[in-house]
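Have the sequence and the 3D view ready as you read.

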Amino acid sequence: MTGAWVSRAVATAVELGVLDRLGEGPADTGSLAEGLGLHPDRLDRLLRLLAAVGVVRERDGRHEPTRVGSHLRRGHPSGMAELALLYDSDMFGDSWEHLADAVRTGRTAFGEAHGTDVFSYLERHPRDAELYTAGMAAGGRFSTRIPDVYDFGGVRTVVDLGGGDGELLAAVLAAAPGAHGVLVERPAALAAARERLGAFADAGRCDLVEADFREGVPEGADVYLLSRVLHNWSDEDARGLLRHCRRSMAPGGRVLVAERILPDEGRPWLSLVLDVHMMVMTPGAERTERGYEELLRSAGLTTREILDLPLEMRLLVAGPVPQP
């Protein structure tokens, strides 16, 4: 019941720069408070809680980050500081306050809180869009493992739909030197992707396209990547996107769906927490294996295999339904 309080305490430590400072070396409460302009007693009480949940530890009167805490420094490659700030943002917090409305009415809690859908909101709030892009990139670090479980050898064109800052596409292009990539995203995300994919773009191996993939997708690709995309959308919109991919793909093409695909039996807790988060934020869901197969079949596709990734993520490999 107190999970939200702990999350707020962690985000506060990130916001105040406590973990950034401790990342430079151990410090006692007094010098830490003086250097950051904080109240010593209140800071000490915050640090006690952070120690209890494994974010910092105290040795000989001085505090230092644990392995967990070290990941919460700004600029750490994991991006966990940005994710902590995103999860603690008003954009998310105000939406969760309307969870009861979502359960009662079937509408999204985000819409109840903000009067619009997530992506329209982000277009009008550039600072939140920047935070969202950074947080989503942090939550998508698993994607660099996709080339470890799926062989992109022989693939000529890869289209990453909604690929955020381009980290997944960069990993694919690095693993498949003969492939050309196309990233399709909204403007706010493309700004970050230009930096991440700049070397590939300069080498003529990557195009960045501003477009709404619900209206159509680039044609002729061997692989269409959908990493944490379909869970944002209703069955109707997800079905439409999959149909675009099926109509546009090259012969023998594949659609790779990276999601927290729920097993038909079992209760993976992290995936179920995020399923309710999707109910709060979007009209989508974390779907079961059976649910994805039904969507795929309605679009002329079928599951070929499902491969495991870290953090309860899974990679569903789909291809055209075989013709009789």
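Helix α16 passes helix α18 in a right-handed crossing, where right-handed means that the near helix is turned clockwise from the far one by less than a right angle, and left-handed that it is turned anticlockwise. This is a predicted model, in which local features need pLDDT of at least 70 and side-chain atom pairs count only at pLDDT 80 or more, while totals for chains, interfaces and linings use all residues. Residues are numbered from 1 along each chain as its sequence is written, and side-chain values use heavy atoms, with hydrogens and water left out.

**Helices α16 and α18**

- On the α16 side, D235, A238, R239, L242 and R243 make the contact, and on the α18 side L295, L296 and S298 do; contact means heavy atoms within 4.5 Å.
- Sorted by class, this contact of α16 with α18 has 4 nonpolar, 1 polar and 3 charged residues (Ala, Val, Leu, Ile, Met, Phe, Trp, Tyr, Cys and Pro count as nonpolar, Asp, Glu, Lys and Arg as charged, and the others, Gly among them, as polar).
- The axes of α16 (residues 235-248) and α18 (residues 289-298) come within 8 Å and cross at roughly 50°; axes are lines fitted to C-alpha atoms, for helices over the stretch in contact, and angles run from 0 to 180 degrees between N-to-C directions.
- That angle makes α16 oblique to α18, because angles under 35 degrees count as roughly parallel, over 145 as roughly antiparallel, 65 to 115 as roughly perpendicular and the rest as oblique.
- Helices here are DSSP runs (H or I, at least four residues), numbered from the N terminus.

**Nonpolar cores**

- The largest nonpolar core has 43 residues, and L161, Y224, L226, L241, L242 and V255 touch the most other members.
- A core is a set of buried Ala, Val, Leu, Ile, Met, Phe, Trp, Tyr and Cys residues joined through side-chain atoms within 4.5 Å, and buried means under 20% relative accessible area (1.4 Å probe, protein chains only).
- Leaving aside its neighbours within four places in sequence, L242 is in contact with residues including L226, V255, L295 and L296.

**Helix α4 and its partners**

- The axes of α1 (residues 3-15) and α4 (residues 40-52) come within 10 Å and cross at roughly 120°, in a left-handed crossing.
- From α1, A9, V10, T12 and A13 meet L46, L49 and L50 of α4, giving 6 nonpolar, 1 polar and no charged residues.
- Helix α3 passes α4 in a right-handed crossing, with T29, L32 and A33 of α3 meeting P40, L43, D44 and L47 of α4.

Conventions. Helix = DSSP H or I, 4+ residues; strand = E, 2+ residues; numbered from the N terminus. Buried < 20%, exposed > 50% of the residue type's maximum accessible area, 1.4 Å probe, protein only.
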